[in-house]
Each structure stands twice: as C-alpha cells, then as structure tokens.
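Have the model open as you read.

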Amino acid sequence: MPSSESELAGRVDDVFGRIADAATAADRDPADLTTIVVTKFHPDTLVRGLYAVGIRDVGENRHQEAQAKARSTADLEGLRWHFVGQLQSKKARQVRAYANAVHSLDRLSLVDALGSDEGESLDGFVQVNLTDDPARGGVRPADLESLVERILGTPGLRLRGVMAVAPLDGEPRAAFARLRELSDRVRALDSGADGISAGMSHDFADAIAEGATHLRIGTAITGNRPDAR
Ligand SMILES: *Cc1c(COP(=O)(O)O)cnc(C)c1O
C-alpha cells in the first residue's frame, strides 16, 4: 500500500475510534451514527481510497464538483452521495440524479424544485441557521415548521431530520443543544424524522453528546484540502 493510502487508513481508524469513544461517553451506540466523509476539493482517487477502507457515505458542497466525482466513481457499488452545501433551485434536478441525500433544505423554493413524482425518494435534512447571519445558510428557527410541512407534502422527498453547522464563534456544544430542541420540534410533526446531521472535524464529540446521528467529517480524515477556496 502506498504511504498516502496507509496514512488515509490510519486517519480513518483514528477518527472512527474517537467517534466510538465520544458515543460511549454519551451512553450511545456507535452503530447508530452515520459518518459522512466530506471529500470536497479532493480528487476522485481519494473517494476510491476511502471506499477501499470501507467508507460508503461521502459528502460534497458544490454541485459541479459533486456531479463530476459521482460520475467518475459510478462503478463503486453502494457508495452514497450526500449534498451538504448551499444549493441553487435550478440545480436541484441535477443533484437529485446522483445524490442520496440533501442536507441543506433551507427554503420553500428549493423543496419545490427537488420534488418529483418519479424515481426513488431523496432523503432530506432541513438546514437550520443557528446564527443571526442570513449568509450562513439555513432556515430561521421561526420558519422551521412551515418548511417541514412543505417537505412532508412534497412527493419524492423523505424528511430525515435537521442539519446545522455550529457558529464560528461561541460554544459548539450550546449550538448543538439548541439544534436538539429544533429536532424535537420537527419530530413533533413527523416522528420518523429523527436524524440530526451535525458535527465536523473539530466539534463532532460535542455533536455526538447532543444526539447527532449523521456526522460530516472532512479534514480530520482527508487531511488538508488541496486548494481550499
Ligand atoms: C466542509 C464541510 C464539512 C466538513 O468540514 P471539516 O471541518 O473539514 O470536517 C462539514 N459540513 C459542511 C456543510 C461542509 O461544507
């Protein structure tokens, strides 16, 4: 195995070990957590390397890059693509074609554009903005219920739960506690939508402690991004 491959395998082992430790510390079963490895800015060879060590869930935040990688790795059976970035409604149908899940449902027009009467249903997470800055993406907590109702009424979408990114300033744990309360509000409308997509390289332990079910981890596994823009 070339050294970069064994390094990758080592980082995967290390991070999964830390995830298991955080789950145990929170009295949770690590098997209940889905870890999505965010491969943005990395070439498809990295996706293949991850697949070789057993990763089946990968994430991207830009449509063009995601589409290209999904195409060039289409031979990898059982690989699931999670779209985690801000999404333009006009790209929605194209994203549907390769993605298994969209973690960034944040407005009515996007939900409408993603709906479909045909094909397999697409998993969706409502992204909630935990800051006062509208540019950060996500629905305002005040608008959560109306967006959830729209998703529940849209064919071809299966609501899985909530998603958020912890604010840059402040305690991630407090932000994830807040997200958990928002998750309770969503579950009051659809008891099956009990997923919580939260936790990145530097805050996944806090997210796990507050009930995260889907972790989105980039650099801790992939190493530094080649040309972060
Ligand atoms: C890039 C990205 C991640 C992963 O971030 P790391 O800090 O590299 O773990 C998670 N979620 C979203 C929405 C991202 O864009």
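A cavity here is a set of grid points where a 1.4 Å probe fits but cannot get out. Keep in mind that this is a predicted model. The ligand, for its part, sits in the largest pocket.

**Around the ligand**

- Ser201 brings a side-chain N or O atom to 2.5 Å from an oxygen atom of the ligand.
- Lys40 also uses its side chain, with a polar atom 2.7 Å from a ligand oxygen.
- Gly218 works through its backbone instead: an N or O atom there lies 2.8 Å from an oxygen atom of the ligand.
- As for cover, the ligand has 390 Å² of accessible area on its own, and the protein covers 89% of that.

**The cavity**
- The largest cavity has a volume of about 60 Å³.
- Its lining is made up of Gln127, Val128, Asn129, Leu130, Thr131, Arg136, Gly137 and Val165.
- In class terms, the lining of the largest cavity has three nonpolar residues, four polar ones and one charged one.

How values were computed:
Residues are numbered from 1 along each chain as its sequence is written. This is a predicted model: local features need pLDDT of at least 70, side-chain atom pairs count only at pLDDT 80 or more; totals for chains, interfaces and linings use all residues. Side-chain values use heavy atoms; hydrogens and water are left out. A polar contact is a pair of N or O atoms within 3.5 Å; within protein, one must be able to donate a hydrogen and the other to accept it, and residues adjacent in sequence count only if both atoms are side-chain atoms. Accessible areas come from the Shrake-Rupley method with a 1.4 Å probe; for residues, only the protein chains shown count as cover. On a 1 Å grid over the protein atoms alone, a cavity is a set of points where a 1.4 Å probe fits but cannot get out, and a pocket is an open set with protein on both sides within 12 Å along at least five of seven lines; lining residues have an atom within 4 Å of a point. A molecule sits in a cavity or pocket if more than half of its atoms lie within 2 Å of its grid points. Grid points are joined across faces, edges and corners, and a volume is the space filled by probe spheres set on the points. Ala, Val, Leu, Ile, Met, Phe, Trp, Tyr, Cys and Pro count as nonpolar, Asp, Glu, Lys and Arg as charged, and the others, Gly among them, as polar.
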